[in-house]
Each structure stands twice: as C-alpha cells, then as structure tokens.
Amino acid sequence: MTVAAFRPRPEPVEVARVTATAGELLEVLWGRASTAPASASQMRVLLTLEHQDGINLRTLSTALASTPPSTSRLCDRLVAVGLVERVVSQTDRREVRLHLSKRGRAFLDDLRARRELELQAVLTHMPAAKRAALLEGLEAFCDAAALQMHDRGVRSGDRTDRTA
C-alpha cells in the first residue's frame, strides 16, 4: 500500500475552497487573453447563446438572472459589433430569437484558443500524473455541474418558448 492510500478523503468544503482559488487564478490567466470588444456581462450573453442558440430575450434574461431591458441593451451592443444576430421567429412575428453570428462564433473560438495557450503554459510545469488526475477530476466536476444546472432548470420550470 502507498502512503496515498491512508490520506483522508478531502471534504467538499476544502475542495470548494481550492477550486475557488483555481478559478481566481484562471481569471488572472484568462485576463491575459483579452475579451475585447466584449465586456464580462456580454461574454455571459455570448456563452449562453452558444449553448442555447435561438432563445428569446426573456429566456436569456432568466438565464442571466437579469431584467429584459438590461439584457436587451447588452444584446444591442453585441448586435452593433456583429457578434449577435436577432432573427424574427418564423412561427410568431412578435418574437425575436437570438443567435451568435459567424463573427461571434469565430470570436469565441479565437478567445478559447488564446486561453488554452495560457493554460498549456501552466500545465507544462505539472507532472504528467498530476495532469492526468486533474483531467479526471475536472471531467467529473463538469459532469456534476451540468447535471446540477439541468436539474435546477427543470425544477424552476425554465422554458425556452416564452416570448420576450
């Protein structure tokens, strides 16, 4: 048996603390990869639209925990710089659907590539076994977070067919 076998299992509170610190360090690293011309709030819009393409303004507002007027202003700015498109619904002309534009998708792809380069520079300083353990842990974290987000959406009755 190895010494690691006798190591106590970390409690969620300790793991949460270290994960929060890692998140803060990621913010610093990612800050090196500028998100201009999008602000942090606008980035949330872009990332939400990437995962929920074609949602309406009210649904986007709910996802952002914001008000429709504030969300609309965010979208106005993103439309103005060509990152988001508004499209009138084919089934209800009163409803507007929001989509990432080709430029918006290219922007996110480029941002991710720059962020990944920053992360790779850090990861090269980690032993291979620790990188493998990190990967395994992060995959489990992503699965658990996605499940929790889905469960919360179902419990709160979030729907994407409401009008804006």
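## A charged residue to start with

D53 is partly exposed, with a relative accessible area of 42%. On this scale, buried means under 20% relative accessible area, exposed means over 50%, and partly exposed is in between (1.4 Å probe, protein chains only).

The model you are looking at is predicted, so local features need pLDDT of at least 70 and side-chain atom pairs count only at pLDDT 80 or more, while totals for chains, interfaces and linings use all residues. Residues are numbered from 1 along each chain as its sequence is written, and side-chain values use heavy atoms, with hydrogens and water left out.

## Salt bridges

D53 has a partner: its side chain meets that of R105 in a salt bridge, at 3.7 Å from N to O. The two belong to distant parts of the chain, 52 residues apart, with R105 in helix α5 and D53 in the loop between α2 and α3. (Helices, H or I with at least four residues, and strands, E with at least two, are DSSP runs numbered from the N terminus.) Like D53, which is partly exposed, R105 is partly exposed, at 35% relative accessibility.

The structure has six salt bridges in total, where the rule asks for a side-chain nitrogen of Lys or Arg within 4 Å of a carboxyl oxygen of Asp or Glu. Another one joins the side chains of R86 and D76, at 2.8 Å from N to O. Because R86 sits in strand β1 and D76 in helix α4, this pair ties together parts that are 10 residues apart in sequence. R86 is partly exposed at 34%, and D76 is partly exposed at 37%. A further salt bridge pairs D92 with R94, whose closest N and O atoms are 3.2 Å apart.

## The nonpolar core

Now let us go inside. The largest nonpolar core has 20 residues, and those touching the most other members are M43, V45, L46, L49, L60, L98 and F107. Such a core is a set of buried Ala, Val, Leu, Ile, Met, Phe, Trp, Tyr and Cys residues joined through side-chain atoms within 4.5 Å. At least two residues of this core come from each of α2 (40-51), α3 (57-64), α4 (68-80), β2 (96-100) and α5 (102-123). Helix α2 gives the most, with four residues.

Not counting residues up to four places away in sequence, V45 touches L60, L64, L74, C75 and L78, where contact means heavy atoms within 4.5 Å.

## Around helix α2

Which residues of α2 are buried? They are Q42, M43, V45, L46, T48 and L49. The cover over these buried residues includes α3, α4, β1 (84-88), β2 and α5.

T48, in helix α2, is buried, with a relative accessible area of 14%. A polar atom of the T48 side chain lies 2.7 Å from the backbone oxygen of R44. Leaving aside neighbours within four places in sequence, T48 is in contact with I55, L60, A63 and L64.

## Cysteines

How many disulfides does the structure hold? The count is zero, a disulfide being a pair of cysteine sulfur atoms within 2.5 Å. C75 is buried, with a relative accessible area of 0%, while C142 is partly exposed, at 47% relative accessibility.

Key. A polar contact is a pair of N or O atoms within 3.5 Å; within protein, one must be able to donate a hydrogen and the other to accept it, and residues adjacent in sequence count only if both atoms are side-chain atoms.
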